[in-house]
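Have a look around before reading on.

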Amino acid sequence: MKEKFNILTSTCIPLPLENVDTDQIIPARFLKATTREGFGDNLFRDWRYDKEGNKIGSFVLNDPTYSGKILVGGKNFGSGSSREHAAWAIAGYGFRVVVSSFFADIFRNNALNNFVLPVVVSEDFLAELFASIEKDPKAEVEVNLPAQTITNKATGRSETFEINSYKKHCLENGLDDIDYLLTNKDKIESWEEKSR
């Protein structure tokens with residue numbers, strides 16, 4: 001889903017669990033597929049559905065109280081195996097941003113490659129965000145990629161976040177790595193001509 005990212009204001013879905021690994025995000029039995037379609041349906045599959053395939057009402061994605069394009073997770077989100085399918089599932093469900101106080105490196109890179117912005121915040125900011133969402137599930141968060149800020153609109157508090165400048169450019173322009181190379185085709189051809 002190559003969609004440009006600029007400023008996103010959205011409600012949030014809270015998942016205040018630490019050490020959520022990629023097998024919990026998308027169980028291994030769903031990794032046989034070779035295209036990205038349908039992974040959102042199986043996001044957190046074993047937490048969302050019982051063994052008969054019935055929704056588990058107590059799980060946050062099944063609770064109509066919560067909605068939005070921002071997933072707020074606990075510390076150490078995306079640990080475990082390097083499966084890119086975890087990012088496919090998060091993007092396929094409709095999330096554009098995942099907020100946590102720490103991401104596993106491979107997950108963070110996979111998320112960026114799939115147009116999902118991982119935003120690292122302080123543990124204090126994360127705790128306040130969870131509290132705001134619990135108090136009011138309609139509380140909004142603004143994620144401003146150009147300014148690299150995240151704002152809890154319920155409290156007015158903001159923090160800055162880091163992002164690689166290349167990945168920032170790609171997100172702002174809706175480009176994957178191949179698209180980026182193609183936008184520089186003339187420069188590449190010119191360099192090759194001079195290098196002969």
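The report below goes through a sheet, a helix, a loop and some charged pairs.

## Where the picture comes from

Keep in mind as you read that this is a predicted model.

## The four-stranded sheet

Let's start with the sheet. Four strands make up an open sheet in the order E1-E6-E7-E8, and the pairing is antiparallel. Strand E1 (7-10) and E8 sit at the edges with a single partner strand each, so one side of each has no neighbour in the sheet. Going from one strand to the next, the twist averages 15°.

Now for how the strands line up. E1 pairs with strand E6 (residues 141-144) over four bridges in the antiparallel sense, and Ile 7 has Asn 144 in E6 as its bridge partner. Asn 144 also has a bridge partner in E7, namely Thr 149. E6 and E7 are joined by four bridges and run antiparallel. E7 and E8 run antiparallel too, again with four bridges joining them.

What about the side chains of strand E7 (residues 149-152): which way do they point, and are they buried or exposed? Thr 149 and Thr 151 point one way, Ile 150 and Asn 152 point the other way, and all of them are buried.

## A helix tucked inside

Next up is helix H3 (85-93). How many residues of H3 are buried? Seven of the nine are, so H3 is largely enclosed by the rest of the structure. The buried ones are His 85, Ala 86, Ala 87, Trp 88, Ala 89, Ile 90 and Ala 91.

What does the covering? H1, strand E4 (97-100) and helix H4 (105-113) are among the parts that cover the buried residues of H3. Just after H3 comes Gly 94, with a positive phi of about 120°.

The side chain of Asn 76 makes a polar contact of 2.8 Å with the side chain of Asn 19. If you set aside neighbours within four places in sequence, Asn 76 is in contact with Asn 19, Val 20, Ser 100 and Phe 102.

Lys 75 is in this loop as well, and it has a charged partner. Lys 75 forms a salt bridge with Glu 123, with 3.2 Å between the closest N and O atoms. Glu 123 belongs to helix H5 (residues 123-135), so the pair ties together parts that are 48 residues apart in sequence. Lys 75 is partly exposed, at 36% relative accessible area, and Glu 123 is partly exposed at 47%.

Arg 83 and Asp 23 also meet through their side chains in a salt bridge, at 3.0 Å from N to O. Arg 83 is in the loop between E3 and H3 while Asp 23 is in helix H1 (residues 22-25), so this pair ties together parts 60 residues apart in sequence. Is Arg 83 buried or exposed? With 15% relative accessibility, Arg 83 counts as buried. Asp 23, at 36%, counts as partly exposed.

How many salt bridges does the structure hold? There are eight. As a general point, side chains of opposite charge can pair when their charged atoms come close.

Arg 157 forms a salt bridge with Glu 128, the closest N and O atoms lying 3.5 Å apart. Arg 157 is in strand E8 (residues 157-160) and Glu 128 in helix H5, 29 residues apart, and the pair links these distant parts of the chain. Arg 157 counts as partly exposed, at 26% relative accessibility, and so does Glu 128, at 23%. Both belong to a network of salt bridges that links Asp 124, Glu 128, Arg 157 and Glu 159.

Technical notes:
Residues numbered from 1 in each chain as written. Predicted model: local features only at pLDDT ≥ 70, side-chain atom pairs only at ≥ 80, totals over all residues. Heavy atoms only, no water. Helix = DSSP H or I, 4+ residues; strand = E, 2+ residues; numbered from the N terminus. Polar contact = N/O pair within 3.5 Å; in protein donor to acceptor, adjacent residues only side chain to side chain. Contact = heavy atoms within 4.5 Å. Salt bridge = Lys/Arg side-chain N within 4 Å of Asp/Glu carboxyl O. Buried < 20%, exposed > 50% of the residue type's maximum accessible area, 1.4 Å probe, protein only. Pairing = 2+ DSSP bridges. Axes fitted to C-alpha atoms, helices over the stretch in contact; angles between N-to-C directions.
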